[in-house]
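Could you walk me through this model, one feature at a time? I would like to learn how to read each kind of feature and then see a case of it.

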Amino acid sequence: MIAPEPHAFRSDPAGAKRIHVVQGEFAVTKDPEVMLGTILGSCVSACMRDPLAGVGGMNHFLLPGEQAAKGEGPQALRYGVQSMELLLNALYRMGARRERLEVKLFGGARVVDGLSDVGQQNSEFAERFLASEGIRMVGGSLRGDQARRIQFWPVSGRVRQMALIDPARKVFEAERSKPVRAPAPEVDGELELF
Amino acid sequence: MPAAAQIRVMVVDDQMTMRSLVRTGLQQLGFQDIVEAPDGEEALRQILSRPVHLVISDFNMPRLDGMGLLRALRSHGPTAKTAFIMLTGRADKELVQKAVQLGVNNYLVKPFTVQTLKEKIEAVFGKLT
């Protein structure tokens, strides 16, 4: 399993191993017992797998939204691009091939921030990204008004989605309580070579 | 001071979305002569047929990766001095150090802003006009 930060496995009574993927993170695994889980409001998660290589993973990203991204234009997409790239590269390193990847997209519930629907922006970005990169989308559940709990078994490709009682706005406020997390910092202070 | 419009740039990344983001950033900085390639092999083929002043390349790519491209350019007389900025993620420190040994001019940690892109290019070429 690869994850950018240490994750504690939690075992349920049936012995399954669970990893919670929070905003700005991703995880990949070849272990058929591992379940990747997350809670989504306006955020989007891509659940990707290569059935032949027996590897899969999940990310969880949030674009900065209209108010946080004032004047950034297309550059505001970099958070989503980076999240997708980190997940893809980790999958490739474990033997996945782009042409075999199957992706299910979840989340992007409708939350209005300023004049724009952040969930819609996240959903559109994810769909456009897959189309541009020629990666096959095989299902999922985007948009709507409800927050979701997602459970993904990457090796089998099985996904379970549960609608949460909390409206998407409440989960969105929790998502926004922290700044948008990019998977890597812009400046890496430990590496001064130039 | 070099004019951005006079600098020919090759952007190399296997993700079209990332190439498009870098291209947009370069255009905001005044660059006009921008070419793209999806992997090191295609970049090398294009550069050998028409040289560029600057290569901005990802590490992880199919066929020929960023390190392979850098090595190939540095070992070929006419392209040996081509400015090379490597795109990297936080986890690629060892690769950056290896790239430095191979003569990379600078590196850029993703995700980056247009301002950071500008600073990295100016660190190589001097202040842009």
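**Reading the two chains**

Q: At what angle do α3(B) and helix α4 (residues 93-102) of chain B pack, and how far apart are their axes?

A: Two packed helices are described by the angle between their axes and the distance between the axes. Here α3(B) and helix α4 (residues 93-102) of chain B pack at about 5 degrees, and their axes are 10 Å apart. Axes are lines fitted to C-alpha atoms, for helices over the stretch in contact, and angles run from 0 to 180 degrees between N-to-C directions. Helices (H or I, at least four residues) and strands (E, at least two) are DSSP runs, numbered from the N terminus. α3(B) and α4(B) are therefore roughly parallel to each other; angles under 35 degrees count as roughly parallel, over 145 as roughly antiparallel, 65 to 115 as roughly perpendicular and the rest as oblique.

Q: Before we go on, what kind of model is this, and how are its parts labelled?

A: This is a predicted model: local features need pLDDT of at least 70, side-chain atom pairs count only at pLDDT 80 or more, and totals for chains, interfaces and linings use all residues. Residues are numbered from 1 along each chain as its sequence is written, while chains are lettered from A and ligands numbered from 1 in the order in which they are written.

Q: Which residues of α3(B) and α4(B) meet?

A: Two residues are in contact if their C-beta atoms, placed from the backbone, lie within 7 Å. On the α3(B) side we find B:Met67, B:Leu70, B:Arg71 and B:Arg74, which meet B:Leu95, B:Lys98, B:Ala99 and B:Leu102 of α4(B). By class, this contact of α3(B) with α4(B) has five nonpolar, no polar and three charged residues. Ala, Val, Leu, Ile, Met, Phe, Trp, Tyr, Cys and Pro count as nonpolar, Asp, Glu, Lys and Arg as charged, and the others, Gly among them, as polar.

Q: How does helix α2 (residues 40-49) of chain B pack with helix α3 (residues 66-74) of chain B?

A: Their angle is about 25 degrees and their axes lie 9 Å apart. That makes α2(B) roughly parallel to α3(B). The contact joins B:Gly40, B:Ala43, B:Leu44 and B:Ile47 of α2(B) to B:Gly66, B:Gly68, B:Leu69, B:Ala72 and B:Leu73 of α3(B). In this contact of α2(B) with α3(B), six residues are nonpolar, three are polar and none is charged.

Q: Is A:Cys43 buried or exposed?

A: A residue is buried if 20 or more other C-beta atoms lie within 10 Å of its own, exposed if 12 or fewer, and partly exposed in between, with C-beta atoms placed from the backbone. A:Cys43 is buried, since 30 other C-beta atoms lie within 10 Å. A:Cys43 sits in the loop between β4 (34-40) and β5 (44-50) of chain A. Across chain A, buried residues make up 45% of the 194 residues.

Q: Which residues touch the most other members of the largest nonpolar core?

A: A nonpolar core is a set of buried Ala, Val, Leu, Ile, Met, Phe, Trp, Tyr and Cys residues joined through C-beta atoms within 7 Å. The largest one has 79 residues, and those touching the most other members are A:Ala46, A:Leu87, A:Leu91, B:Val9, B:Met10 and B:Met86. Helix α2 (residues 78-93) of chain A supplies the largest share of this core, nine residues. Leaving aside neighbours within four places in sequence, A:Leu91 is in contact with A:Val28, A:Met48, A:Asp50, A:Val55, A:Gly57 and A:Ala96.

Q: What about B:Lys120: buried or exposed?

A: B:Lys120 counts as buried, with 21 C-beta neighbours inside 10 Å. B:Lys120 lies in helix α5 (residues 114-125) of chain B. Beyond its neighbours within four places in sequence, B:Lys120 is in contact with B:Ile85, B:Asn106 and B:Leu108.

Q: Where should I look for backbone details, such as a cis peptide bond?

A: Look at B:Lys110 and B:Pro111, which are joined by a cis peptide bond with omega about -5 degrees. B:Pro111 is in the loop between β5 (106-109) and α5 of chain B. For phi, B:Arg63 has a positive value of about 60 degrees although it is not a glycine, and B:Arg63 lies in the loop between β3 (54-58) and α3 of chain B.
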